[in-house]
Amino acid sequence: MHLITDNLEKRNPKSRSSFLCCLILILVVLLTACAGSGAGTGSAAGSAKAETDNNAAKPGQGSSAAAAESNGSAAEPGSDGNAEPLRIGVLKIADSFPLYAAVEEGLFEKRGLQVEIIEFQSASDQSVAYEAGELDGMMTDMIVQSLINKASGEDGMRAVAMALGGSPEEGRFLVVSSPSAGIDSPEDLVGKRIGISENTMMEYLVTRYLEDLGIDPGQTQMVNIPKLTLRLDAVMEGKDIQAAILPDPLAIEAVERGCGTVIDDTKLGKNYSQSVFTLRRSILQETPERARAFREACDEAITLINEDPARFADLFVEKANVAPDLQDAYTVPSYTPSCVPAEEEVDSIQRWMVEKGLLEKAFSYEEIVEQP
């Protein structure tokens, strides 16, 4: 640039200023063009960013939604592997067995559902855990369920499936008499002391048995012995009580040890007792697909058990806590799939609980049972 300027100045000094003006004008044009080019690049980048932002996942659309879209289909209900497991509280008895079978056969996982079975030694411990928010559901009966719903309000639970008791033959209870009591018929119970567990299904059952057989329950004396093994020992001894209500397998053991069978509820022509699988109302309302998967897995487990009970014999002995000397007499029972308690069964329990003062007001059928 200096060489050009020097040569022009030697030829014509006046032309120097004109040349500089032209040169400045050229530089201004070049700088303007460069600025325009840069502005264009910036606008393109801004448009690309805007398009990226518009295509970004909206709130609630995570990577699983994107993966489902790329695969061309949405995830199946309950298939979210990151979902919290359903925590189900159980007692180690025959009523809980379909849950164990469902876990053993992978029927929950098959439906993309995680289930954690939590075992308890008593229904009272189970209830405390539920009310503390440590459980999402339970294997229980409708008396315990109603008491929990009374305490929990809107955070109560509904029965989603029958555990045991879909027919009168399921979940047998016996009223047995002491070997030396001389009680041979239900009428002989008048004036006698009967071992029960107060304010539970056991007391409800004895009351209903006697009423339906034409016997006034008030003419007997019901004695509270909550622990089943102690009740069995007491009726065998025959001092504090002369009769007792017991479920299988303890009922089987009592008869084998010499107790008499006074009432067998499978022969009364009516379905008195039911145990149920329940889930929190919030789960039913917020994630109904999980509840549906839970129910379907239970139904499939029951079908498999009924088709081939021998296949599940060893697991049943372990999970139903069957004593070694009762394993031949107490085998895998049958269960009823796709079943929930009938309205008359719920109403009977609710009426008794109101009569006993356990509830101020009966729950409606819809508050206790979730229809499939």
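**Stop 1: an aromatic cluster**

Select Phe97, Phe312, Phe316 and Tyr330, which ring pairs link into a cluster. Bear in mind on this tour that the model is predicted.

The count of aromatic pairs comes to 7. Keep Phe97 and Phe312 from the selection: their ring centres are 6.4 Å apart and their planes stand at 85°, so the pair is edge-to-face, a term used for angles over 60 degrees. Phe97 belongs to helix H4 (residues 97-104), while Phe312 sits in the loop between helix H11 (288-307) and H12, so this pair ties together parts that are 215 residues apart in sequence. Both Phe97 and Phe312 are buried.

**Stop 2: a second ring pair**

Now select Phe108 and Phe294. Is this pair stacked or edge-to-face? The centres of the two rings lie 5.8 Å apart and the planes meet at 15°, so Phe108 and Phe294 are stacked. Distant parts of the chain are linked here, 186 residues apart: Phe108 is in the loop between H4 and strand E2 (115-120), and Phe294 is in helix H11. Phe108 is buried, with a relative accessible area of 1%. Phe294 also counts as buried, because its relative accessibility is 0%.

**Stop 3: a cis peptide bond**

Go to Asp248 and Pro249 and look at the bond from one to the other. The peptide bond there is cis, with omega near 5°. Pro249 is found in the loop between strand E8 (243-247) and helix H9 (250-256).

**Stop 4: positive phi angles**

Select Asn199, in the loop between strand E6 (193-196) and helix H7 (201-212). Asn199 is not a glycine, yet its phi is positive, at about 60°. With a relative accessible area of 28%, Asn199 is partly exposed.

Then select Ser338, which lies in the loop between helix H12 (313-319) and H13. Ser338 is not a glycine either, and its phi is positive at about 50°. Is Ser338 buried or exposed? Ser338 counts as exposed, because its relative accessibility of 60% is over the 50% cut-off.

**Stop 5: a charged patch**

Finish on the surface by selecting Glu154, Glu343, Glu366 and Glu367, which gather there in a patch of negative charge. One of them, Glu343, lies in helix H13 (residues 343-356). Glu343 is partly exposed, with a relative accessible area of 44%.

Terms used
Residues numbered from 1 in each chain as written. Predicted model: local features only at pLDDT ≥ 70, side-chain atom pairs only at ≥ 80, totals over all residues. Heavy atoms only, no water. Patch = residues over 30% accessible without salt bridge, like charges linked within 9 Å, V, L, I, M, F, W, Y side chains within 5 Å. Areas by Shrake-Rupley, 256 points an atom, 1.4 Å probe, with all protein chains shown as cover. Salt bridge = Lys/Arg side-chain N within 4 Å of Asp/Glu carboxyl O. Lys, Arg positive; Asp, Glu negative; His and termini not counted. Charge placed at Lys NZ, Arg CZ, Asp CG, Glu CD. Helix = DSSP H or I, 4+ residues; strand = E, 2+ residues; numbered from the N terminus. Buried < 20%, exposed > 50% of the residue type's maximum accessible area, 1.4 Å probe, protein only. Phe/Tyr/Trp six-rings, centres within 6.5 Å; stacked < 30°, edge-to-face > 60°.
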